[in-house]
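Here are a few friendly notes to read with the model open beside you.

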Amino acid sequence: MIIEVEKGRRATITQIRELAARFGNRVETTEGDGIYCTLHVIGDTREFSTREGFIRNLPGVRKAFRVESDHKNIARVARGEGGVVRRPRRVVEVPGLDGKVRRIGAGRHVFFVGPDSPQTMAQTLAIARAARTIAERYGIEDRVILRGGAFKPRTRPTDWRGLGMKGIAMLDAAREETGIPYATEVMDHNLAAEIAEHADMLQIGTRNAQNFDLLEAVGRLARPVILKRGFGNEASEWFYAAEYVANQGNLDIVLCERGMKTLFTKGGYCRNQPDFNAITYARRSTILPVIFDPSHVAGDHRLVPENLVASLGHLVDGTITETLHDESFRQEQLCDARQALLMDHYATLVEAVLAFEEHVLPRLAQVLEALDAL
Ligand code: PEP
Ligand code: MN
């Protein structure tokens, strides 16, 4: 629900907040039009909105209306009988022990990097240290987040499925030493709260993209979430999945395009087909930041660099890349070994991203703005 109130009407705003809290909702405020601010009531607002008449009559309220979109909490444009509100895109913040806050969606590329999975303490620390070195070398300490799945969804039941909480302990150690926060996958809704006590960010993988109990479980936790698109999901199904999370009150969601299975991927030239236009569509249709995974589309590390760079043209807010600390470890890596990029190569790609931001992005933005104005 959207409510427009005169700025400075503290009593009215407090009353609305308290009413929202009573129905299990939360209120976010954004700059409105002129003397008004806009209140967004987050979560499932069916009960709250039965008080619409009462809210409309509070002093200073100009408008109060229900949003008609199917994914109300995350829609970029909130439409209802009372009007249309274009909402600002959201910035998802991930603070680190190093005192720096990573801001995803704030206009600067955020680099998620790390192993497919923490497998040994030495490997996990080596990658984290290399990430720290790169962050310092390029002055991007507030833009690097570690990744690593301790709980692995595997197609074959006999394949290695990660170290579970032992892997989480390795990621904890890597964060402790380097100060870099980490994102890790959650598969079981019963374990979500326990993992969230450790992890800085949770990931829902492509195979669980429509696991509604899991989506709701992370929606109830105060942790940012990376939501990968299901490999066979339409864009709208991806947005509905995000809405499952948002409906529980957690709007700190980062959408991630990671490629789909198509007729063509059977040809073997890539693991999944990237849908770059879905990135643009998600950015325009939702308030959520959007990142891209060049590793799972590639399946082969020799194909990762061009996919990563290709996503920049679609104005991604970041990329999530699987890496290897040392070529000799490739033989030992138990999951996604072939697609892991060496950290040295990754460092050069960081340079490419920074060069893109400096030289290409301003011109691209200029053309896109001109097209938007047509
Ligand atoms: C992963 O990030 O390692 C992973 C399993 O990703 P996806 O869910 O996209 O396959
Ligand atoms: Mn992987």
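**Notes on the predicted model**

1. Let's begin with R90. Setting aside residues within four places of it in sequence, R90 is in contact with G105, L251, I287, L288 and P289. Please bear in mind that this is a predicted model.

2. Where does R90 lie? You will find R90 in the loop between β6 (83–86) and β7 (92–95). Is R90 buried or exposed? It counts as buried, because it has 21 C-beta neighbours inside 10 Å and the cut-off for buried is 20 or more.

3. From R90 to A128 is 38 residues in sequence, and their C-alpha atoms are 28 Å apart in space.

4. Next, a helix pair. The axes of α10 (residues 304–312) and α11 (residues 343–373) come within 11 Å and cross at roughly 20°. Angles under 35 degrees count as roughly parallel, and α10 and α11 are therefore roughly parallel to each other. The crossing of α10 past α11 is right-handed.

5. Which residues make the contact between these helices? On α10 they are P305, L308, V309 and L312, and on α11 they are H345, L349, A352, V353 and F356. By class, the residues of this contact are eight nonpolar, one polar and no charged.

6. Finally, the ligand. Around ligand 1 sit D116, G149, G205, T206, R207, K228, R258, D293 and H296. This shell has five charged and four polar residues, with no nonpolar ones.

Methods: Residues are numbered from 1 along each chain as its sequence is written. Chains are lettered from A and ligands numbered from 1 in the order in which they are written. This is a predicted model: local features need pLDDT of at least 70, side-chain atom pairs count only at pLDDT 80 or more; totals for chains, interfaces and linings use all residues. Axes are lines fitted to C-alpha atoms, for helices over the stretch in contact, and angles run from 0 to 180 degrees between N-to-C directions. Helices (H or I, at least four residues) and strands (E, at least two) are DSSP runs, numbered from the N terminus. Angles under 35 degrees count as roughly parallel, over 145 as roughly antiparallel, 65 to 115 as roughly perpendicular and the rest as oblique. A crossing is left-handed if the near helix is turned anticlockwise from the far one by less than a right angle, and right-handed if clockwise. Two residues are in contact if their C-beta atoms, placed from the backbone, lie within 7 Å. Ala, Val, Leu, Ile, Met, Phe, Trp, Tyr, Cys and Pro count as nonpolar, Asp, Glu, Lys and Arg as charged, and the others, Gly among them, as polar. A residue is near a molecule or strand if its C-beta atom, placed from the backbone, lies within 6 Å of it. A residue is buried if 20 or more other C-beta atoms lie within 10 Å of its own, exposed if 12 or fewer, and partly exposed in between; C-beta atoms are placed from the backbone.
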